[in-house]
Amino acid sequence: MSDKMTIAIRKRSWIEWSGWAIWFVGILLIVQNAIGSAQELEPRAALILWVSLAVWLLAGLVVWFVRKDR
């Protein structure tokens, strides 16, 4: 008895790929700035950036969760 597994890959539009690319670049920039602020002993700026990173990640998670059922 052989079970077959089918993997379906949905095509995404260029605007969706662009949105995810911008989101990922935003993540990288926020992390870079947060690390830089921490190294320069700017704890307030670093904290604001780490909180911004958490919000940015949460926003991406919400968008992914809403879009996965489409």
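Among contacts in the chain between residues at least 6 apart in sequence, what percentage join residues at least 24 apart? In the chain, 53% of such contacts do so, a contact being defined by heavy atoms within 4.5 Å. The structure is a predicted model, in which local features need pLDDT of at least 70 and side-chain atom pairs count only at pLDDT 80 or more, whereas totals for chains, interfaces and linings use all residues. Residues are numbered from 1 along each chain as its sequence is written, and side-chain values use heavy atoms, with hydrogens and water left out.

The secondary structure consists of 2 helices and 0 strands, assigned as DSSP runs (H or I, at least four residues, for helices; E, at least two, for strands) and numbered from the N terminus. Along the principal axes, the C-alpha atoms fill a box of roughly 65 × 30 × 15 Å.

Helix α2 spans residues 43–68 and contains alanine 54. Alanine 54 has a relative accessible area of 44% and is therefore partly exposed. The C-alpha atom of alanine 54 is separated by 16 Å from that of arginine 44, 10 residues apart along the chain.

Notes
Buried means under 20% relative accessible area, exposed over 50%, partly exposed in between (1.4 Å probe, protein chains only).
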